[in-house]
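Open the model in your viewer and keep the selection tool ready. We will go stop by stop.

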Amino acid sequence: MAAQMPNPPIPLTERPAWTALQAHHREIRSVHLRTLFAQDPERGERLALEAIGLYLDYSKNRLTDATIGLLLQLAEESGLRARVDAMFRGEPINLTEGRAVLHVALRAPRGQSIVVDGQDVVPLVHAVLDRMADFTNRVRSGAWRGQTGRRIRNVVNIGIGGSDLGPAMAYEALRGYSDRDLTFRFVSNVDGTDFAEATRDLDPAETLFVVSSKTFTTLETLTNARTARDWCLRALGDEQAVARHFVAVSTNAADVARFGIDPANMFPFWDWVGGRYSLPSAIGMSLMLAIGPDHFRQMLAGFHAMDAHFRTTPFARNLPVLLGLIGLWYTNFFGAETVAVLPYDQYLGRLPAYLQQLDMESNGKHVNLQGRAVSYDTGPIVWGQPGTNGQHAFYQLIHQGTRLVPCDFIGFCQSLNPLAPHHDLLMANLFAQTEALAFGKTAQELAAEGVSDPLIPHRAFDGNRPTNTLLAERMTPETLGKLVALYEHKVFVQAAIWQINAFDQWGVELGKALALEITPELQAAADPPLAHDSSTNMLIRRYRQHRAGS
């Protein structure tokens, strides 16, 4: 049963800090970053924050000390501190589902206590982690073998949403720490091409499938899992092979057993873990198989370091709070509709896609906690790709287009693959882009360089385009944990101020329900009666007509 909805005394847009921010925005919206830096020569040093191994430069944002002060006041007026404390205490802050939100428990160290419904869940978490580590060590050492006695050399993760995006992103991010004798593939799309291409060059006798579905009923995941089962049995012939080539991340022991997986090889997680927050849970099994238990625990330590920082650090020096407030400033007062995440590290190539789900599924909400329509924008559109590739694709729009696109740049001082002069060139591009976006190039500067008058309008850069820059020493499992937790808590900060529930996702359910109705209509032997709208009816008939002829 859903928990009772709170009744905040003052709507967000009527809070004193909100109205003050509206007036403040009118005062500074036309002020250029060139002016802000000229007025404060130490701005670059002053508007920066270093904590737990991450360095945030937020000086190239269209804000002042007064802006930060008002945003912090808004956080206080919105009860952010109480919301943070409620989450860490295990209160059911996922109000529409009546659940606690305790992904932070997944990375809590042994000995810490977090109680949900009267039970300390930290020992449960570590019991699963220990079982995962034991299984991982057996696979990596060759002690666990397939049905024919051959070693496992391929691991295929089957999931969707958080059960795919998290492990796939983290595997790519930490590929430098992975066992290169093992091949890892990730299957999520119900499009058969995804499975066919992932397994085309694999040997079933050497392949282990990790099927990740909390309920073991997720349509896409179970469709792919059954296809994997058939693929495996066609080659190996023996039903007993399923138990040697499949493990499950689930809580549905009965259906797992019916599938043929030994329940002893089922690794559970809990309903207080949302899918997009589940990477540090058993959902990370394929990642642990890739990087080993020690590196996996280092990643968990990074998550926990950011959790502790978020929970205990004053808001004015709190990395997730500042990132969240700055993002809210652009969304709600400048009308920015998107944010670009631009990692200057090839290993983080899947991070923007991962953050799309984290942010857009969490904060893509149109009603507040009381079920009333909001009168302000909530979650932004998140997008991006690694530098320097993006520079030759969409940066033109960011620099000279008509839309304001705040950007997060992420870089590392050291490369895991130090091929001279690559890393210096990479980081030079990162720093140059933030400088160019902030300061641009004026018509006067172009004229002084001898650019002809007709070309000046085309080559002028307005600048005044905001960026954050995040720097870390190098890409490590611990650093990845810190970065992911940083964005998790940033999303939470914004949800708390917007008074929305970041932990449900009812918006994805309607299309899935309708698909269950349409599937038998597509597969029926005779033309079925259709009761959809005229467009959907015609699309179904056209598909059936051409499918039958294929």
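**Stop 1: the largest pocket**

Start with the largest pocket, whose volume is about 1,100 Å³. Select Thr-218, Gly-275, Gln-505, Glu-509 and Lys-512: of the 40 lining residues, these are the closest to the pocket's centre. On a 1 Å grid over the protein atoms alone, a pocket is an open set of points with protein on both sides within 12 Å along at least five of seven lines, while a cavity is a set where a 1.4 Å probe fits but cannot get out; lining residues have an atom within 4 Å of a point. Grid points are joined across faces, edges and corners, and a volume is the space filled by probe spheres set on the points.

This is a predicted model: local features need pLDDT of at least 70, side-chain atom pairs count only at pLDDT 80 or more, and totals for chains, interfaces and linings use all residues. Residues are numbered from 1 along each chain as its sequence is written, and side-chain values use heavy atoms, with hydrogens and water left out.

Now colour helices H7 (162-173), H9 (219-236), H14 (351-363) and H20 (509-523). Each supplies at least two residues of the pocket lining. H20 gives the largest share, five residues. Helices (H or I, at least four residues) and strands (E, at least two) are DSSP runs, numbered from the N terminus.

Colour the lining by class next: 15 residues are nonpolar, 15 polar and ten charged. Here Ala, Val, Leu, Ile, Met, Phe, Trp, Tyr, Cys and Pro count as nonpolar, Asp, Glu, Lys and Arg as charged, and the others, Gly among them, as polar.

**Stop 2: the cavities**

How many cavities of 30 Å³ or more are there? The count is three. H13 gives the most, five.

Move to the second largest cavity, with about 60 Å³ of space. Among its lining residues are Val-339, Leu-355, Asp-408 and Lys-490. S10, H14 and H19 each supply at least two residues here. By class, the lining has seven nonpolar, no polar and three charged residues.

**Stop 3: a sheet**

Switch to cartoon view. Find the open sheet of five strands, in the order S6-S5-S7-S8-S9, with parallel pairing. Two strands pair if DSSP finds at least two bridges between them. The edge strands, S6 (183-187) and S9 (266-267), each pair on one side only.

Zoom in on S7 (207-212) and S8 (246-249): four bridges join these parallel strands. Click Ser-212, and look for its bridge partner, Val-249 in S8.

Next, show the helices over the sheet. H7 lies across S5 (154-158), S6 and S7, at about 150° to S6. H12 (285-312) lies across S5, S6, S7, S8 and S9, at about 165° to S6. Axes are lines fitted to C-alpha atoms, for helices over the stretch in contact, and angles run from 0 to 180 degrees between N-to-C directions.

**Stop 4: Phe-259**

Finish in helix H11 (253-259), at Phe-259. Is Phe-259 buried or exposed? Phe-259 counts as buried because its relative accessibility is 8%. Buried means under 20% relative accessible area, exposed over 50%, and partly exposed in between (1.4 Å probe, protein chains only).

Select what Phe-259 touches, not counting residues up to four places away in sequence: Phe-216, Ala-225, Arg-226, Arg-229, Val-242 and Phe-246. Contact means heavy atoms within 4.5 Å. Last, check one distance: the C-alpha atoms of Phe-259 and Arg-226 are separated by 8.4 Å, with the two residues 33 apart along the chain.
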